[in-house]
Amino acid sequence: MDKVQNNKAWFLVLPVLVLVAFSAVIPLMTVVNYSVQDTFGNNVFFWEGLGWFEQVLTDSRVHGALGRQLAFSGIILAIQIPLGIAIAVCMPKKGFWASVCLVLMALPLLIPWNVVGTIWQIMGRGDIGLVGYSLSALGIDWNYARDPLHAWITVIVMDVWHWTSLVALLAYAGLQSIPQAYYQAAKIDQASRWSVFRYIELPKMQGVLLIAILLRFMDSFMIYTEPFVVTGGGPGSATSFLSIDLVKMALGQFDLGPAAAFSLMYFLVILLVSWVFYTVMTNLDKAEGR
Amino acid sequence: MSFAWMAWTGPTAIFFGVIACVLLLFTFLGIKYPETPRRGILMIETTRGDRLFITLLGSAFINAGWLATTGLPQYWALGICAFYAAAVFRWV
């Protein structure tokens, strides 16, 4: 029997469409309009054409922010993904301690971004902070407000502290879904611990790990609050990532035109990366017949 | 209700109008001529809508690249985009 097609269900999507129109489409259209004009306030605009795009695309300041952003995202992915997997593999699979570990792992995820920033801003201080004071006591002149390397280390350690648990929890969920039969088969074959990880656990975690990489990449690519609270983008512009630079441009300098062009290029990069991840994920699902 | 804060201009209105028309056209095509996804040179399954998305996204990058590197009139980039769109719809 042919399946009955009833397209009236599409009307149920209308509320979402209206919501998205107000929260995303209209603001995005406004940004596009701003990106080709100049303004000094009072809703008075002057036609500028593609000038702002040209300026943003050839601006060394924007290139620098993009470079720092890519470096930051690359570094935190390189740390968080292996670390998260390692933690998930080491976590107890069932019983009392499994629950304790799960709660402990979830804790950093529950803390708001600005609080995380404040915690690490204080922790890193040489005079009163636990980390900063300890490092100073060891003879290291620790100052994240003066030394770019120290600022980077602080911001990266903070992000690793905040978000590795997400990767760990996702990897843990992936591990839990592997049927025992696989492990029993590996035992019969006398497979080593490494072989079990390499040929059973890792392939079975592939799906959730892709989601973890996507989430962490997107989140780190849009990071604003934590580095803003800890370093304010400094020292100099050492930790001025894309969104920090963008806000400085839009709100600090009130350069709405260049900031709009900047945010559209930012949006395009995010759209491209999201599409690549989405395509890889859906094709992986199809390949696995899910 | 005033839309002055949205700062509309003729060219941006045409830009969004064209995109809206293309979306409507593809919705119409989707209803009138249903299709099955196919696999092209990217080795991924794509529908007509996917190919449109790849075309629009790629065109944005072609235009940005053209603007950043050449200094030549922007409508030449549109010409390249037309070839790119034809290639995407034919081979992807």
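Across the interface of chain A and chain B, zero salt bridges are found. The model under discussion is a predicted one. Polar contacts do occur between the two chains: four residue pairs, both members at pLDDT 80 or more, are in polar contact.

On the side of chain A that touches chain B, at least two residues come from each of the elements α1 (14-35), β2 (45-47), α2 (51-57) and α12 (256-287) of chain A. Of these, α12(A) gives the largest share, with nine residues. Sorted by class, this side of chain A holds 16 nonpolar, seven polar and two charged residues.

The extent of the interface may be stated both as residues and as area. The size of an interface is often given as the accessible area lost when the parts come together. The two chains are summarised below.

| Quantity for chain A and chain B | Value |
|---|---|
| Residues of chain A in contact with chain B | 25 residues |
| Residues of chain B in contact with chain A | 23 residues |
| Area buried between chain A and chain B | about 2,100 Å² |
| Part of that area given by carbon and sulfur atoms | 78% |

Three residues stand out on one side: A:Met29, A:Asn33 and A:Trp275 supply 24% of the area that chain A buries against chain B, more than any other three residues.

Leaving aside residues up to four places away in sequence, B:Thr12 touches A:Val32, A:Asn33 and A:Val36. B:Thr12 lies in helix α1 of chain B, which spans residues 10-32. Is B:Thr12 buried or exposed? With a relative accessible area of 5%, B:Thr12 is buried, because this value falls under the 20% limit. Within chain B, the side chain of B:Thr12 makes a polar contact of 2.6 Å with the side chain of B:Thr9.

The cysteines form a separate topic. How many disulfides does a search of the whole structure find? Over all chains, the search finds zero disulfides. For A:Cys90, the closest cysteine sulfur is that of A:Cys101, at 10.0 Å, so the pair is too far apart for a bond; the cut-off for a disulfide is 2.5 Å. A:Cys101 is likewise in no disulfide, the nearest cysteine sulfur being that of A:Cys90. A:Cys90 has a relative accessibility of 66% and therefore counts as exposed.

Key:
Residues are numbered from 1 along each chain as its sequence is written. Chains are lettered from A and ligands numbered from 1 in the order in which they are written. This is a predicted model: local features need pLDDT of at least 70, side-chain atom pairs count only at pLDDT 80 or more; totals for chains, interfaces and linings use all residues. Side-chain values use heavy atoms; hydrogens and water are left out. Helices (H or I, at least four residues) and strands (E, at least two) are DSSP runs, numbered from the N terminus. Buried means under 20% relative accessible area, exposed over 50%, partly exposed in between (1.4 Å probe, protein chains only). A polar contact is a pair of N or O atoms within 3.5 Å; within protein, one must be able to donate a hydrogen and the other to accept it, and residues adjacent in sequence count only if both atoms are side-chain atoms. Contact means heavy atoms within 4.5 Å. Buried area is the accessible area (1.4 Å probe) that two parts lose on being put together, summed over both. A salt bridge is a side-chain nitrogen of Lys or Arg within 4 Å of a carboxyl oxygen of Asp or Glu. Ala, Val, Leu, Ile, Met, Phe, Trp, Tyr, Cys and Pro count as nonpolar, Asp, Glu, Lys and Arg as charged, and the others, Gly among them, as polar.
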